[in-house]
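Thanks for coming, everyone. Please take a look at the structure on the screen, and then I'll walk you through it.

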Amino acid sequence: MTNILEVENLTKHFRSGVRGHPVRAVDGVTFSVTAGETFALVGESGCGKSTCARTIIRLYEPTAGRILLDGTDISHLGVRQLRPLRRNVQMVFQDPYASLNGRMTVRDIIAEPLRVHQPDLSPAETTEQIVDALAAVGLGREHLTRYAHEFSGGQRQRIGIARALVIRPRLVLCDEPISALDVSIQAQIVNLLRDLQDELGLTYLFIAHDLSMVHHVADTVAVMYLGQIVELGPTEMVYAAPLHPYAKGLLASVPKPDPAVDLMSRPPAIEGEIPSPIHPPSGCRFRTRCPVAMAICSTDEPVPVAVGDGRQVSCHLFK
Ligand code: SF4
């Protein structure tokens, strides 16, 4: 199977203003995404998953590491060199209220990527492609001249998805695509994304903190903590038997269908706050919250170890 995206030791630090100490938002992340799969990056807020996605799509400049798209290193390409490659990668943003300009018509919003990537299209061809994209997300030609502020949250996210798909990308980065929506609408959008994946052969990189949704959609999951991946593997295996103490605590917080069984069997939640990415703990970054931390955990940083079945874990319990 071909990798559409490879991320090697990706690092993104921001200036913090605290005596020159950087904010280590993403710190040495490595993973690959196979064409046609759904790969999910999960973790608490502030774990670096959104920064990771935005660095991959080059909204942020990487501090170090490599991003390979279809084998081409795009880590440091300039805007011009990046443009033809960007056509293959689009993003669906978290907040459909903030990400769509309410004073633009639906036609103008969805036409934007076409203007950049297919500037030679005639107005009729542009309209045709926009109508096709709208139809794919369950909207119609009658919506073309309406303004984004006239739509509900779910409809706005459909417009955001149509904007991402109109230039027919191969890889779509979905940054918390349902978290700003009413619960009643969330399943509709998730099902729409799955249908579109089957229909168009899309590859998804999902950024999410909703672990139930990830279980439902992702083939592979990577659990992030304080800028690093601590566990990675096939979703079913990781959810059935997480290995890393943080992944265990995080996944234990997912409600089970039977609340009575859930309360009896649920391990204790992870205690304490996520530390500052400006001053991450020495050794293992999870050690200040880890219930099974050992002496070595404060001195030596664990490295990713392959544990079979395509799984890897970064923890001194696994050598
Ligand atoms: Fe816990 Fe140590 Fe493993 Fe970190 S390396 S998760 S502190 S046991």
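**A short tour of the model**

Let's start with Leu226, which counts as buried because its relative accessibility is 2%. Buried means under 20% relative accessible area, exposed means over 50%, and partly exposed is in between, with a 1.4 Å probe and protein chains only.

Before I go on, two notes on sources. This is a predicted model, where local features need pLDDT of at least 70, side-chain atom pairs count only at pLDDT 80 or more, and totals for chains, interfaces and linings use all residues. Residues are numbered from 1 along each chain as its sequence is written, and side-chain values use heavy atoms, with hydrogens and water left out.

Back to Leu226. Its phi is near 50°, a positive value in a residue other than glycine. Where does Leu226 lie? In the loop between strand 9 (220-225) and strand 10 (228-234). Strands (E, at least two residues) and helices (H or I, at least four) are DSSP runs, numbered from the N terminus.

Next, Asp309. Phi of Asp309 is near 60°, again a positive value in a residue other than glycine. Asp309 sits in the loop between strand 11 (305-308) and strand 12 (311-313). Buried or exposed? Asp309 is exposed, at a relative accessible area of 59%.

Now helix 1, residues 49-56. How many of its 8 residues are buried? The count is 6, so helix 1 is mostly covered. Among them are Cys52, Ala53 and Ile56. Just after helix 1 comes Arg58, with a positive phi of about 70°.

On to a helix pair. Two packed helices are described by the angle between their axes and the distance between the axes. The axes of helix 5 (residues 153-165) and helix 6 (residues 183-200) come within 10 Å and cross at roughly 20°. Axes are lines fitted to C-alpha atoms, for helices over the stretch in contact, and angles run from 0 to 180 degrees between N-to-C directions. Helix 5 and helix 6 are therefore roughly parallel to each other, a label for angles under 35 degrees.

Who meets whom? Helix 5 brings residues including Ile161 and Leu165, and helix 6 brings residues including Leu192 and Leu196. Contact means heavy atoms within 4.5 Å.

Last, the ligand. The residues around the ligand include His244, Cys284, Arg287 and His316. Being near means that one heavy atom of the residue lies within 4 Å.

Key:
Parallel < 35°, antiparallel > 145°, perpendicular 65-115°, else oblique.
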